Amino acid sequence: MSQERMIEIQVLLLDLERNMRPLRWDLDHNQINEFKRQRLAKIQEEHQNLKTELQGLQ
């Protein structure tokens, strides 16, 4: 079961990273609005939680 969960978490992490890239670019180039800034913060928090869970399973 934990092996399946690890794979699931890795897929979710890749998807979150894919979603973060354009938002980080916008932030770096000062082209981000408040809605996108909040979305980026939420995605980063979820990403960190999943990374922590993955490390706990390993």
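Which residues is Met 20 in contact with, leaving aside its neighbours within four places in sequence? Met 20 is in contact with Leu 40, Ile 43, Gln 44 and His 47, where contact denotes heavy atoms within 4.5 Å. The views below come from a predicted model, in which local features need pLDDT of at least 70, side-chain atom pairs count only at pLDDT 80 or more, and totals for chains, interfaces and linings use all residues. Residues are numbered from 1 along each chain as its sequence is written, and side-chain values use heavy atoms, with hydrogens and water left out.

View A. Helix α1 comprises residues 2-28; helices are DSSP runs (H or I, at least four residues), numbered from the N terminus. The 27 residues of α1 should span 39 Å at 1.5 Å a residue, and the distance of 37 Å between its end C-alpha atoms agrees with this. The expected span is 1.5 Å times one less than the number of residues. A kink of about 30° lies at Met 20, shortly before Pro 22; the bend is the angle between axes fitted to the seven residues ending there and the seven starting there.

**View B. The buried residues of α1.** Met 6, Ile 9, Leu 13, Leu 16, Met 20, Leu 23 and Asp 26 are buried, that is, under 20% relative accessible area, with exposed meaning over 50% and partly exposed in between (1.4 Å probe, protein chains only). The buried residues of α1 pack against α2 (34-57). An α-helix has 3.6 residues a turn, so residues three or four places apart point the same way.

**View C. Surroundings of Ile 9.** Ile 9 has a relative accessible area of 0%. Beyond its neighbours within four places in sequence, Ile 9 is in contact with Leu 50, Glu 53, Leu 54 and Leu 57. Ile 9 and Leu 54 are 45 residues apart in sequence and 6.7 Å apart in space, C-alpha to C-alpha.

View D. Asp 26 is buried, with a relative accessible area of 12%. Apart from neighbours within four places in sequence, Asp 26 is in contact with Gln 31, Ile 32 and Lys 36. Asn 30, in the loop between α1 and α2, is exposed, with a relative accessible area of 68%. The phi of Asn 30 is positive, near 55°. Most residues other than glycine have a negative phi.

Definitions and conventions
Helices (H or I, at least four residues) and strands (E, at least two) are DSSP runs, numbered from the N terminus.
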